[in-house]
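Dear colleague,

Please find below the structure that I am handing over to you. My findings follow it.

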Amino acid sequence: MLTLFAAAQTLTYPQARRGDQVDDYHGTKVPDPYRWLEDTDAAETHAWVEAENKLTFGYLEQIPYRQAIHDRLTKLWNYERFTTPSQHGGRYFFQHNTGLQQQNVLLVAESLNADPRILLDPNLLSADGTVALADTAISDDGKLMAYGIATSGSDWNEWHVRDVDTGKDLSDDLKWVKFSGASWTKDNKGFYYSRYDEPTGATLRDTNYFQKLYYHRLGTAQSEDKLIYERPDNKEMLFGGDVTDDGHYLIITVEQGTSPKNRLYYKDLTQPDSQVVRLLDDFDAQYRFIDNDGPVFWFHTDLDAPRGRLIAIDTRHPERANWKTLVAQGPDKLDFANTVNNSFLLGYLKDARTEVRVHDLTGAFLRNVDLPGIGTAAGFGGKRKDKETFYAFTSFTSPATVYRYDPEAGKSSVYRQPKVDFDPTRYETMQVFYHSKDGTRVPMFLTFKKGVKLDGQNPTLLYAYGGFDISLTPFFSVPNLVWLEMGGIYAQPNLRGGGEYGEEWHQAGMILKKQNVFDDFIAAAEWLIANKYTSTPKLAIRGGSNGGLLVGACVTQRPELFGATLPEVGVMDMLRFHKFTIGWAWTSDYGSSDNAEEFKALYAYSPLHNLKPGTKYPPTLIATSDHDDRVVPGHSFKFAATMQADQASPAPVLIRIEVKAGHGAGKSITKLIDETADTWAFLARNLDMKVSFQQ
């Protein structure tokens, strides 16, 4: 029997046909020999996928501790967990998982401490757990629930309506819904939602344009839904319709791509034939509607305040000169703002960890919310009249504990606290700061076993995202617990391009400045090595989606720096990403190859186009899914075929292609455990780790 190392040396990659496709970008000829792999329905692509998975799983099956990792993941994941409740009509709605259920189950309770009953169990919708509950909207009286389901991880949702009393579905059936929630009118007779026209081509690949906002009246066919708003003059606009708590207005949030900037329109629902009013139509900043006091609207905005502030706009006098600042910008990023108990609950990010402050409706500071420690708090939802709210608090080693918060008393009390077969007291989290290539100071969280030796021999997983104004804060992860138990260090830097320090931080890592993100990540790796936390043979990098792009760019720029790389569902072809599904929306963060200057920047770092023949790449496990209609699998397919052809080292370059799964949302527990066991086994093998779970 071959040793693992010998097996790695003798890997024979599936032959991928090299085509003669060449594209001309502003005078630059760019070959794309594996263009045929974009067609995920083709027989040739299917054969290649089958051969690649056979190679990958054959390799993984030879790793002796793969099963031990799988068993430990299964045991740790088997803990009872709850989401934060929301209250409608006196009823409380929340999700629950007994431990290893493939999907969370939606429960309803008639009062806070009443025994809940099952309202919807997605596990009954498919035998293998690949149908997920994507979103819900509860009517104001708590008697009806609109809900969207997603199949095999697709972004496409199908919406239904359930009677909360009986648990039975009504006849309503809404298709071709994507990137949309639902919002009920106060008479509980219908709801607003957004959808696309029925696709005429490949539903998992074709571009998504011309979203439209509709009103659906209960008991009627979707074909009878009333069109509320569309923009045939702008195919890129996305619409979200939300009814204000007083029922007076429909707030229409208008987005274009993934830019945090948006437009804000409204419609007076008390006037049957009222027109849509374009209140904020300059696309100059982010405006998040919070609540209204009659015609006065309250917003969380970054206009002239890149870290965020609260303003009031009187819709009767909407001129900017009349706008009032309620809570001015401070030193920390304003992350969320809600109204509960006639006060504002404002969540801030202070060096990427949560602080929550209470202000009255004039904007005056009242008190801080005492949180359990350094971590992430999420929730604090509700209506202005509510006398309570709920939030979940989590850290890298503590699962999400649900708290009930009494705004009047300023007190938090534990509502649900999960118990995990893991001792967090054996581990510690610290935050360090390092300097990137251009001198920018970047924060990074480190979590590791207490007493770790700084001898450069610690297996370390460096994980980041760095884009789209998204903030990476402390979060609990069963896979990461197992990584810690395996003796690993977990490192999470907050790169530019994210939202941790506001819009300036985001803009410093987008379009022509995207290289800053990669420089920040590479600097984090160099800091970990210089400070003896790890060394190149022990250092792995991981990221998903935009983070997969991050890993792909860094391994092509610095292949000698890393011991292993894990690019997952990544955007690897930066010249063609905008030609598939919702990819066009990312041009606000990336730019587009259609623009000559932006093409030059994209071509300089595009992972697919910066792989070079004869390069010694580190062990790499690429991951994607066959139903990913966010970042289509063709990105990873072409990257894998090219990297395998170019690899000059015996180190494995493998691709793991999950079936009946999408970009990540709604993935079943079984798939998550299998995927993580394979990933950690791959790292353990290639970082030369000795795996033992003896406590």
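In what follows, two residues are in contact when they have heavy atoms within 4.5 Å. Please note that this is a predicted model.

On that definition, Thr339 touches Ile290, Asp291, Trp298, Phe344, Gly382, Lys383 and Arg384, leaving aside residues up to four places away in sequence. Thr339 belongs to strand 24, which spans residues 333-340. With a relative accessible area of 4%, Thr339 is buried, because that value is under 20%. The side chains of Thr339 and Asp291 are joined by a polar contact of 2.7 Å. Asn292 lies 47 residues from Thr339 in sequence, and the C-alpha atoms of the two are 9.8 Å apart in space.

I also examined the pockets. The largest pocket holds about 460 Å³ of space. Its lining consists of 25 residues, and those nearest its centre are Phe393, Ser395, Thr397, Ser398 and Pro424. Strand 30 (401-406) and strand 32 (427-435) each give at least two residues to this lining, and strand 32 provides the largest share, five residues. By class, 14 of the lining residues are nonpolar, eight are polar and three are charged.

The second largest pocket has a volume of about 300 Å³. It is lined by 13 residues, with Thr185, Asp187, Tyr192, Tyr215 and Leu269 nearest its centre. Strand 14 (212-217) and strand 15 (226-229) are the elements that contribute two or more residues to this lining. The lining of the second largest pocket divides into five nonpolar, three polar and five charged residues.

Yours sincerely

How values were computed. Residues numbered from 1 in each chain as written. Predicted model: local features only at pLDDT ≥ 70, side-chain atom pairs only at ≥ 80, totals over all residues. Heavy atoms only, no water. Helix = DSSP H or I, 4+ residues; strand = E, 2+ residues; numbered from the N terminus. Buried < 20%, exposed > 50% of the residue type's maximum accessible area, 1.4 Å probe, protein only. Polar contact = N/O pair within 3.5 Å; in protein donor to acceptor, adjacent residues only side chain to side chain. 1 Å grid on protein atoms, 1.4 Å probe; cavity = no way out; pocket = protein on both sides within 12 Å on 5 of 7 lines; lining within 4 Å. Points joined across faces, edges and corners; volume = space filled by probe spheres on them. Nonpolar A, V, L, I, M, F, W, Y, C, P; charged D, E, K, R; others polar.
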